[in-house]
Amino acid sequence: MGDTQRNRAAASAWPARGLDVVRGALIGTAETVPGVSGGTVALVVGVYETAIGSASHLVSAARLAVADLPRGRGVSRAAAEVRQVQWRVIVPLLLGMFAALILMAGLVEHWVESQPVQSRALFFGLVLASLWVPFSMASRAPLRGGGTASWRPGEALIALVSAAAAFVIVSLPPGEVEATPVVIVAAAAIAVSALVLPGLSGSFLLLTFGLYERTLSAVNEREFGYLGLFALGALLGLASFVKLMQWLLTHRERITLVILTGVVAGCLRALWPWQDEDRALLAPDEHIGAAIGLCALGFVVVAGFAVAEHRVASRRATADLRAAEAARSEDTMILTPPRDPSR
């Protein structure tokens, strides 16, 4: 019986791992698009908290290894942190992300440059629909005194302030800096925060620094020197930011999700289809029909994915509940002594 259950679990794990690869590919593709946040996509596909928690354990493992090894304490504490990482989810996610970054960088770069109105319209619809995810998560998050409630007026005000701040940030005109090693590392450290913070786009921040096209070119041309510096900056950024986000989600979950909702809403400004090279907003003029259609398509795709993800999560929760009840029933049968038929 035990072998049969294990075989069934292993068989059902393969589709889940394949779905995680797809999730990672969606996140990786989003990171190549200015204005679309990989963190937002991670929220939509339901892996954001898992990714943040696992990244936090890796950061702790690295810190403990650096502290313990020189003192001869071994790596037992670091190894304990590494074991907390949900590798069955993280490894497929990373595989999908890196594959998408390599395969999609050139295609997305060409489409964004050749069809700016249509591409921004599609992504506007995608991000607009994704607003529901942090909004609904915030309404389900517990209040400081316990219990749950819908959004309160003060929280709506905080979200509006967050949206205004994000709106101003993404309104900054693109710049141009020299790609020195220090600049590359610093820009990567800042841009990778967008992977941790839903709403902000790492590609958009790179575009603001003037390093977006340079970074995509390095990916396409396999410039490992540039990519190594970028990876170093990304690791430094993750190490400094991921622990903060995990703490906020653990101890201040509701207000954090309220702020994230505002940030995602404010960052929609970056995806308005009609704008000039300095990011000044323009009135709709050309390709209106195509823009509306692509915006609607993006909205429907994300809404459908969110609904499917919700149904899968509900079924998983129901299955886990039934399994727990069955386990309790088996324990009760084992602990209850058999009745003596002679009595």
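This is a predicted model: local features need pLDDT of at least 70, side-chain atom pairs count only at pLDDT 80 or more; totals for chains, interfaces and linings use all residues.
The protein chain is built with 15 helices and zero strands. Of its 343 residues, 38% are buried. The accessible surface comes to about 19,100 Å², and carbon and sulfur atoms account for 67% of that area. Among contacts between residues at least 6 apart in sequence, 75% join residues at least 24 apart.

Helix α1 (residues 2-31) contains D20, a buried residue with a relative accessible area of 4%. Leaving aside residues up to four places away in sequence, D20 touches R88, V89, P92 and L93.

Turning to the rings, the structure holds four aromatic pairs. In one of them, the ring centres of F124 and W272 are 6.4 Å apart with planes at 80°, so this pair is edge-to-face. Because F124 belongs to helix α6 (residues 116-130) and W272 to the loop between α14 (253-266) and α15 (288-335), the pair ties together parts 148 residues apart in sequence. F124 counts as buried at 18% relative accessibility, whereas W272 is partly exposed at 28%. The rings of F135 and W151, by contrast, are stacked, with centres 4.9 Å apart and planes at 20°. F135 lies in helix α7 (residues 132-140) and W151 in the loop between α7 and α8 (153-169). Ring pairs also link F124, W272 and W274 into a cluster. Finally, R269 lies over the face of F167, 5.6 Å from the ring centre.

Methods. Residues are numbered from 1 along each chain as its sequence is written. Side-chain values use heavy atoms; hydrogens and water are left out. Helices (H or I, at least four residues) and strands (E, at least two) are DSSP runs, numbered from the N terminus. Buried means under 20% relative accessible area, exposed over 50%, partly exposed in between (1.4 Å probe, protein chains only). Contact means heavy atoms within 4.5 Å. Accessible areas come from the Shrake-Rupley method with a 1.4 Å probe; for residues, only the protein chains shown count as cover. Rings of Phe, Tyr and Trp (its six-membered ring) pair if their centres lie within 6.5 Å; planes under 30 degrees apart count as stacked, over 60 as edge-to-face and the rest as tilted. A charge sits over a ring if NZ of Lys or CZ of Arg is within 6 Å of the ring centre and within 35 degrees of the ring normal.
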